[in-house]
Amino acid sequence: MVSTGRIVPAADEESIRLAAEVIRSGGLVAFPTETVYGLGCDALNPEAVARVFEAKQRPSFDPLIVHIERRASLDHLVAAIGFDDHRLMDAFWPGPLTLVLPKRERVPDLVTAGLSTVAIRMPVHPVARALIREAGVPIAAPSANPFGYVSPTTAEHVREMLDDRIDLILDGGPCPIGVESTIISMAGAQPELLRPGSLPLADIEAVVGPVARRGGSDQRPPAPGRLARHYATRTPLTILPAGRARLLGPGERAGLLAMSSPVDLGGYAVVEVLSPSGNLREVARGLFAALRKLDGLGLDHLYAEPCDEQGLGLAIMDRLRRCAAPIQCEGETPLNGKGGC
Ligand code: TXA
Ligand code: MG
């Protein structure tokens, strides 16, 4: 397989056929989902899965989500499906909910990082669905960014970072939601939140009752989206205290990520307003693109306004906190490592 990173329009049926063929023959295809762009491969082909890890420079302890298009595919991947699992699937699939369930032997260990569970998601984006259907195999796909960096929400974001490491990029326009799926483990005694995401926790609890939440972060967590520093810009980022107090240092060239307008422009070299009306859906949709844009301007520092941690706000603040977290020596990646440790 020759890596070209070629972008093709996803609306074209021929592109979907070509992309499916690339997947079936062990190649890598970046494709849009409703949350972020994924870097997909045949989930049942360990060599293809290894290429995904290589392209992302992803540590092998970080398992991948397997994307399916119909529930019948679960039989081959999952060992047991309980009553509550069915209720969550009925309520939220297809959509931005990933369920961690006991795996069948057939799922390669590389996909699950040796865990006895597998993360499964049924996306609602028509391009993702068409690709999985046409490929005829489950598609393992992490977000299509180098490990630890801001997730991609356009085909161009993917090309900028991974161009020569993947075979094809399906361009389906900007992702309509903009932050990743919510991950719930259903493999333990009680449902447990592994990663807050675009499906609000309250909606999930309305279906299955209380969901356990583990605090803090680890170096080798069950969901490395939980690593303290992740989704990170190269430019250091600080979350402002509520009330917009400014912390600019003398002569500092800083960018502000504002949740809403009006904004106090004083002192900032650049201001990105995510949603003039403060609508959290709009904030989520533009969050990663705005972080990338600010990160590309060579500024000294980025500041972000906080939002309320309700509904989508929980996932938005989770991503901002991990982006703002101090760089760690252990588990540092080439991208977020800036020395000094
Ligand atoms: O919205 C999304 O979920 C996007 C799109 C492309 O579907 N995907 C995504 O994948 O965010 P990724 O690889 O960036 O994040 C998946 C997270 C990782 O933090 C991984 O550790 C966790 O899912 N995960 C995967 N399998 C798991 C398992 N068996 N147990 C616990 N966590 C798991
Ligand atoms: Mg990711």
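Thr33 touches Gly38, Pro123, His125, Ala128 and Cys175, leaving aside residues up to four places away in sequence; contact here requires C-beta atoms, placed from the backbone, within 7 Å. The model is predicted: local features need pLDDT of at least 70, side-chain atom pairs count only at pLDDT 80 or more, and totals for chains, interfaces and linings use all residues. Residues are numbered from 1 along each chain as its sequence is written, while chains are lettered from A and ligands numbered from 1 in the order in which they are written.

Thr33 lies in the loop between strand S2 (29-31) and strand S3 (38-42); strands are DSSP runs (E, at least two residues), numbered from the N terminus. Thr33 is buried, because 29 other C-beta atoms lie within 10 Å; the cut-off for buried is 20 or more such atoms within 10 Å of the residue's own C-beta, placed from the backbone. Between Thr33 and Pro174 the C-alpha to C-alpha distance is 9.3 Å, although they are 141 residues apart in sequence.

Of the 6 residues of S5, 5 are buried, so this strand is largely enclosed by the rest of the structure. Its pairings (at least two DSSP bridges between two strands) are tabulated below.

| Pair | Sense | Bridges | Partner of Val100 |
|---|---|---|---|
| S5 and S9 (residues 182-185) | parallel | 4 bridges | Ser185 |
| S5 and S6 | antiparallel | 5 bridges | Ala119 |

S5 (97-102) and S6 (117-121) each supply at least two residues of the shell around ligand 1, and S6 gives the most, with 4 residues. The residues around ligand 1 number 28, of which Thr35, Gly38, Pro63, Ala119 and Pro142 come nearest; the criterion is a C-beta atom, placed from the backbone, within 6 Å of the molecule.

Conventions: Buried ≥ 20, exposed ≤ 12 C-beta atoms within 10 Å, placed from the backbone. Contact = placed C-beta atoms within 7 Å.
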